[in-house]
Amino acid sequence: MLSLFAPNLAIARSTPRFILRAFQSTLTKNPADSKTDQLAQAVKYPYYVRRTRFQSLPVYTEVRNGRTRKLTILRRIDGDLDALRTEISKALDEESVMVKAISRQLVIKGDRSTELRKWLTEKGF
């Protein structure tokens, strides 16, 4: 089993590439440690966005009303939906972020998929 505080070299040698990408995206370097190049620490959020089985982000664009209405949908969310909604609305400067609580999805007006993917990767998902 991989340890969160294992050196990056040990993780890179023993883990397949597609698992390594998902695992290392949730790690950040610990600035308080003197060996910042070797140790990593997990980032904690009140929510988690799981990747698909092909390790891509679950961000989808939906077109409705005869191609006049575009929506961006974020799926596969675990944890606090409202905390994620407020952070996304601040990051994208978008006030129309709706929560679908039953299906655990967020719906954003407009085609904001590239911006949302970039924001999620910067956050480490």
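## Close-up views of strand 8 and its surroundings

**View 1. Strand 5 and strand 8 side by side.** In this predicted model, strand 5 and strand 8 are paired through four bridges and run in the antiparallel sense. Within this pair, Thr72 is the residue that stands opposite Ile108 of strand 8.

View 2. Four strands form an open sheet in the order 4-5-8-7, and their pairing is antiparallel. Strand 4 (59-64) and strand 7 (97-100) are the edge strands, and because each has a single partner strand, one side of each remains without a neighbour in the sheet. On average, neighbouring strands of this sheet are turned by 25 degrees against each other, with direction ignored.

**View 3. Helices packed on the sheet.** Helix 3, which covers residues 81-92, lies across strand 5 (69-74), strand 7 and strand 8, and runs at about 160 degrees to strand 7. Helix 4, covering residues 113-123, packs on the sheet as well, where it touches strand 4, strand 5 and strand 8, and its direction makes about 165 degrees with that of strand 4.

**View 4. The largest nonpolar core.** This core has 18 residues, of which Leu74, Leu84, Ile88, Leu106, Leu116, Trp119 and Leu120 touch the most other members. Strand 3 (47-49), helix 3, strand 8 and helix 4 are the elements that give two or more residues to the core, and helix 3 gives the most, with five residues. When neighbours within four places in sequence are left aside, the contacts of Leu106 include Leu74, Ile77, Leu81, Leu84, Ile88, Val97 and Val99.

**View 5. Gln105 in an enclosed strand.** Gln105 has its place in strand 8, and it counts as buried because its relative accessibility of 15% falls under the 20% cut-off. Apart from neighbours within four places in sequence, Gln105 is in contact with Ile73, Leu74, Arg75, Ile77, Met98, Val99 and Lys100. Four of the five residues of strand 8 are buried, so this strand is largely enclosed by the rest of the structure.

Terms used:
Residues numbered from 1 in each chain as written. Predicted model: local features only at pLDDT ≥ 70, side-chain atom pairs only at ≥ 80, totals over all residues. Heavy atoms only, no water. Pairing = 2+ DSSP bridges. Axes fitted to C-alpha atoms, helices over the stretch in contact; angles between N-to-C directions. Contact = heavy atoms within 4.5 Å. Core = buried A, V, L, I, M, F, W, Y, C linked by side-chain atoms within 4.5 Å. Buried < 20%, exposed > 50% of the residue type's maximum accessible area, 1.4 Å probe, protein only.
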